[in-house]
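Student: I have just opened this structure and would like to learn how its features get their names. Could we go through them together?

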Amino acid sequence: WVSPFGANLYLSFAWQFDELPPGFTALGMVAEIAAVRALRKTGVQGTDVKWPNDLIADDRKLGGILVDVQGESPNRLRAVIGIGLNVQMPEAASAHIDQAWTDLATLAQGAPPSRNTLAAALLDELFTALDVFSAQGFAAFGDDWRALDRIAGREVVLQQHERRITGTALGVDQDGALLLRSGDGTRRFVSGDISLRLHDAFNN
């Protein structure tokens, strides 16, 4: 992540799971939903989610989520959720970014919320969301994800190591796995990196 001093927001949030909820692999997706809620609470509109771990606006990357899971027993886990958000990225830093990006300053017309305000809102929404997730699993967030999903119905390329699969994204299942329709039919994927096909990106 390009990280010029004092420009963006990065935080880590730890959560203990005594029992694994249904759809536990969608934990990062729940964190994405919580982040969008926090942004809306601070006055930032127009943000969406991209499977499995990106926050986007106008098809440009705004932020990302990474989850590190540490196991203490078969069902007792500690998860550390890392969140990075572009708040006010200096233009000079863009030379080091190899994909389309945006920041909160752009979305908020030059007046983004402060990083302290953002951090407080993110922590508040994460506490709320993970409390629900622990009790009900990803099913409690299915409608939220569908409302924010920027790639559903679009032509995408899924990259898995050296493997590239082109198809139409059909949303996610009850466990948060991506449903992708290609020449081989519809399959589910639990990991990978998604990009929009060029003709789709240029026509939207």
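Tutor: Gladly, and let us start with a definition: a salt bridge is a side-chain nitrogen of Lys or Arg within 4 Å of a carboxyl oxygen of Asp or Glu. Keep in mind that this is a predicted model, where local features need pLDDT of at least 70 and side-chain atom pairs count only at pLDDT 80 or more, while totals for chains, interfaces and linings use all residues. Residues are numbered from 1 along each chain as its sequence is written, and side-chain values use heavy atoms, with hydrogens and water left out.

Student: What makes Arg 150 and Asp 59 a salt bridge?

Tutor: Their closest N and O atoms are 3.4 Å apart, and the rule asks for a distance within 4 Å, so the pair qualifies. By this rule the count comes to eleven salt bridges.

Student: Where do Arg 150 and Asp 59 lie?

Tutor: Arg 150 is in the loop between H4 and S6, and Asp 59 is in the loop between S3 and S4, so their pairing ties together parts 91 residues apart in sequence. The H and S labels are DSSP runs numbered from the N terminus: helices (H or I) have at least four residues and strands (E) at least two.

Student: Why is Arg 150 called partly exposed?

Tutor: Buried means under 20% relative accessible area, exposed over 50%, and partly exposed in between (1.4 Å probe, protein chains only). Arg 150 has 25% relative accessibility, so it counts as partly exposed. Asp 59 is also given a relative accessible area of 25%, and therefore is partly exposed.

Student: Which other salt bridges can I look at?

Tutor: One of them joins Arg 76 and Asp 18, whose closest N and O atoms are 2.3 Å apart. This pair links distant parts of the chain, 58 residues apart: Arg 76 is in the loop between S4 and S5, and Asp 18 in the loop between S1 and H1. Another joins Lys 50 and Asp 54, with the closest N and O atoms 3.3 Å apart. There is also a network of salt bridges that links Lys 41, Asp 124 and Glu 125.

Student: Are Lys 50 and Asp 54 buried or exposed?

Tutor: Lys 50 counts as buried because its relative accessibility is 12%. Asp 54 is buried too, because its value is 8%.

Student: How do you know that Asp 149 has no salt bridge?

Tutor: Lys and Arg count as positive and Asp and Glu as negative, while His and the chain ends are not counted. For Asp 149, the nearest side chain of opposite charge is Arg 150, 8.2 Å away, and Asp 149 is buried yet has no salt bridge.

Student: What lies around the side chain of Asp 149 instead?

Tutor: A polar atom of this side chain lies 3.1 Å from the backbone nitrogen of Ile 151 and one lies 3.4 Å from that of Ala 152. A polar contact is a pair of N or O atoms within 3.5 Å; within protein, one must be able to donate a hydrogen and the other to accept it, and residues adjacent in sequence count only if both atoms are side-chain atoms. Leaving out residues up to four places away in sequence, Asp 149 touches Val 49 and Gly 171, where contact means heavy atoms within 4.5 Å.

Student: Why is Pro 113 called buried?

Tutor: Its relative accessibility is 13%, so Pro 113 counts as buried. Pro 113 lies in the loop between helix H2 (104–107) and helix H3 (115–136). Not counting residues up to four places away in sequence, Pro 113 touches Thr 42, Val 44, Val 87 and Leu 118.

Student: How do you know that S3 and S4 pair?

Tutor: Two strands pair if DSSP finds at least two bridges between them. Strand S3 (residues 54–57) and strand S4 (residues 60–71) have four bridges, in the antiparallel sense. Within S4, Lys 61 is the bridge partner of Ile 56. S3 and S4 form a hairpin with two residues between them, and Asp 58 in the turn has a positive phi of about 55°.

Student: Which strands make up the open sheet there, and what makes S1 and S2 its edges?

Tutor: The order is S1-S5-S4-S3-S2, with antiparallel pairing. Strand S1 (9–17) and strand S2 (48–50) each have a single partner strand, so one side of each is left without a neighbour in the sheet.
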